[in-house]
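Work through these exercises with the model open. Try each task before reading its solution.

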Amino acid sequence: MNAAFVRSERQGSVALLTLANPPVNSLSHATRLALWHALVAADEDPAIDAIVLTGADRGFCAGGELGELHSPRQREWPGISSHLLPRIEACTKPVVAAMHGFAVGGGLELALACHHRVADRRTRIALPEIRHGVLPPSGSQRMPRAIGVARALALIVDAGTVAADVYADTSLFDALCDDGVVAASLEFLDTLDRSGPPAGALLRHRAFSKADARAPLASWRRRLAAMPDASDAMWRCIDAVECAVEAADFDAGLAEAKRMHDELSRRQARA
């Protein structure tokens with residue numbers, strides 16, 4: 001593991017993994033590789049019974065490395081959606097995202113794949129992939145399960161930045177704090193039974209109201225139809241969220257959202 005990109009330390013029986021790729025802890029290839037090895041090492045260590053994932057300095061993680069956008073480096077193993085997120089979900093110990101400052105794009109998707117999320121209530125979260133002509137494949141499937149379809153559509157299609165505290169009334173966060181998010185995460189872990197693999201905590205398993213989804217989906221399509229400059233990525237974002245509602249299961253919805261993302265990405269690379 002390259003400690004220059006991910007620092008690993010012990011807090012009792014908890015592995016604290018800190019993304020350390022300044023200035024915004026972006027998920028460059030080197031960072032993704034270091035995080036993969038750190039996750040595997042912590043998951044396989046019998047002395048560890050939980051993992052806290054956080055970011056150094058100003059924030060949690062700003063997502064993919066813009067300098068690698070549409071480059072071969074972006075496609076190298078391990079990918080964010082294809083490898084890192086499934087590896088987090090596969091951990092046999094609870095993984096808590098300790099979020100502060102900002103959690104944007106792939107960085108927010110990283111947190112959504114964790115079993116639990118604890119955030120400083122001022123943390124700025126966003127899924128701004130539309131601005132780069134693509135969609136958030138994982139975020140489009142997990143966020144509706146956390147905050148509901150209507151609010152997920154607003155976050156994804158508007159591509160705005162929202163304070164974590166705005167979602168205090170949802171199941172997006174297990175706890176919010178005013179300061180010291182790592183300490184708050186360790187306190188939260190003390191409330192969990194860590195004697196075995198975490199059961200049912202992942203957002204992929206979260207039930208949500210599909211009956212309430214059709215009205216906001218239709219409303220957003222009417223809104224885009226009235227916008228002469230609505231981009232194809234905006235339309236595909238709505239389609240991707242609809243996959244979370246209509247697909248046979250989580251994996252089927254995610255596969256279709258990834259397909260749409262990859263198609264948009266290829267178009268951007270040719271542009």
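**Exercise 1.** Determine which residues point one way from strand 2 and which the other way, and whether they are buried or exposed.

*Solution.* V14, L16 and T18 point one way, while A15, L17 and L19 point the other way. All are buried (under 20% relative accessible area; exposed is over 50%, partly exposed in between; 1.4 Å probe, protein chains only). Strand 2 covers residues 14–19 (strands are DSSP E runs of at least two residues, helices H or I runs of at least four, both numbered from the N terminus). The model is predicted: local features need pLDDT of at least 70, side-chain atom pairs count only at pLDDT 80 or more, and totals for chains, interfaces and linings use all residues. Residues are numbered from 1 along each chain as its sequence is written, and side-chain values use heavy atoms, leaving out hydrogens and water.

**Exercise 2.** Find the strands that pair with strand 2.

*Solution.* Pairing takes at least two DSSP bridges between two strands. Start with strand 1 (residues 6–11): six bridges, antiparallel. R7 has T18 as its bridge partner. Two residues separate these strands in a hairpin, and G12 in the turn has a positive phi of about 65°. Next, strand 3 (residues 50–55) runs parallel to strand 2, again over six bridges. Here A15 is partnered by I51.

**Exercise 3.** Locate the aromatic pair.

*Solution.* A search of the whole structure finds one. W36 and W77 sit 5.0 Å centre to centre, with 65° between the planes. Phe, Tyr and Trp (six-membered) rings pair if their centres lie within 6.5 Å; planes under 30 degrees apart are stacked, over 60 edge-to-face, the rest tilted. This pair is therefore edge-to-face. W36 counts as buried at 17%; W77 is partly exposed at 41%.
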